[in-house]
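Me: I would like to go through a few local features of this model with you. Please keep the answers plain.

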Amino acid sequence: MNRSDLPQFEIERSHNPTSDAQRLEILANPGFGRFFTDHMVTIRYSPDAGWHSPTVKPYGPIALPPAAAVLHYAQEIFEGMKAYHRADGKIGLFRPEENARRFQASAERLAMPPLPQDLFLASLHELLEIDRAWVPDGEDTSLYLRPFMFASEEFLGVRPSNEYLYCLIASPAGAYFKSGPKPVSLWASADYTRAAPGGTGSAKCGGNYATSLLPQSEAIENGCEQVVFLDAVHRQYVDELGGMNIFFVYDNDKTIVTPQLGTILPGITRDAVFRLAEEAGYRVVERQYSIEEWRNDSHSGDLSEVFACGTAAVVTPVGTVRDSKGEFGTDSSAAGPLTMKLRQKLLDLQHGKVADPYGWTQTVS
């Protein structure tokens with residue numbers, strides 16, 4: 001990344017930063033999304049000036065007029081990624097250029113101006129350099145980074161906004177599984193779908209997650225931890241979880257099946273799993289996979305493991321599945337061996353514990 005060609009970031013340091021003692025107390029048990037670092041990044045867009053006024057400033061409220069376009073027409077996108085405390089003492093990022101590309105793709109789908117990749121990456125580095133002390137160094141911990149962008153123009157009318165605000169905030173995250181990963185239970189939603197062909201399923205926009213909240217509540221009411229969606233056309237093919245991609249492992253022929261792209265989010269962890277699974281001797285196949293195939297192969301024992309993956313949980317074992325016809329699934333007492341192998345490999349790469357032959361990691365300092 002050549003930062004000399006980018007606009008200079010204005011730095012406005014917090015006059016009331018979190019004390020070292022308070023920050024250490026927070027990092028000892030941060031949870032997820034509960035605490036935020038002392039600073040944030042903002043970059044503005046207008047048709048005349050393009051992307052301008054990049055600033056690192058104290059974390060705080062954003063002032064918006066009541067007629068801001070995002071509040072009425074939902075032009076909003078975001079990303080989810082992490083910074084890691086590496087074994088060599090540096091701060092690492094995992095495939096951030098892929099987040100930058102996906103952010104651009106999401107912007108284009110929502111009729112928003114794409115943020116240049118170098119400017120996206122520079123915003124990460126600028127924030128991490130000033131808030132480096134917020135990256136926790138415990139096992140499986142990280143600093144969660146949330147870049148987001150929304151329509152900020154003040155108007156009413158169904159058209160793309162002319163003005164946008166890009167922001168970046170950060171939140172320390174504890175280990176997702178405090179006692180080790182355990183298989184999650186899923187509710188297969190029959191009444192609700194996540195996305196349809198031609199919709200926004202492949203974009204990372206808030207509306208996709210808003211539509212998952214009611215079926216997620218339905219999953220909890222049925223004693224399950226997560227919802228898994230079926231396709232919107234046939235209501236029989238597996239789509240994805242509320243926020244994770246899903247994989248089906250067949251040890252008998254060393255095959256892994258996963259839903260093809262189109263209406264699902266092109267996960268960055270998902271893409272990495274392809275490479276690592278193939279190196280482990282498995283062939284990854286992208287195709288339609290029905291809920292009945294899942295049910296039948298679970299009952300017959302042909303299906304060996306099921307796992308989901310995403311930024312937050314990395315790789316998560318899947319156990320029991322419930323729907324209106326009953327319950328089925330693979331072993332719900334422990335994670336499968338391939339699931340754990342892939343999970344550990346990703347964690348070791350992200351935390352700089354093993355060499356990175358893929359060029360997936362970047363260091364900040």
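Me: Where is V314 placed?

Reply: V314 lies in strand β16, residues 314-323. Helices (H or I, at least four residues) and strands (E, at least two) are DSSP runs, numbered from the N terminus. This is a predicted model, in which local features need pLDDT of at least 70, side-chain atom pairs count only at pLDDT 80 or more, and totals for chains, interfaces and linings use all residues. Residues are numbered from 1 along each chain as its sequence is written, and side-chain values use heavy atoms, with hydrogens and water left out.

Me: Is V314 buried or exposed?

Reply: V314 is buried, at 6% relative accessibility. Buried means under 20% relative accessible area, exposed over 50%, and partly exposed in between (1.4 Å probe, protein chains only).

Me: What is the phi of V314?

Reply: The phi of V314 is near 65°, which is positive in a residue other than glycine. Most residues other than glycine have a negative phi.

Me: And what about the phi of D140?

Reply: D140, also not a glycine, has a positive phi near 65°. D140 sits in the loop between α4 (117-130) and β7 (142-151), and is partly exposed with a relative accessible area of 22%.

Me: Changing topic, how many disulfides are there?

Reply: The count is 0 disulfides, where a disulfide is a pair of cysteine sulfur atoms within 2.5 Å.

Me: Is C224 buried or exposed?

Reply: C224 is buried, at 4% relative accessibility.
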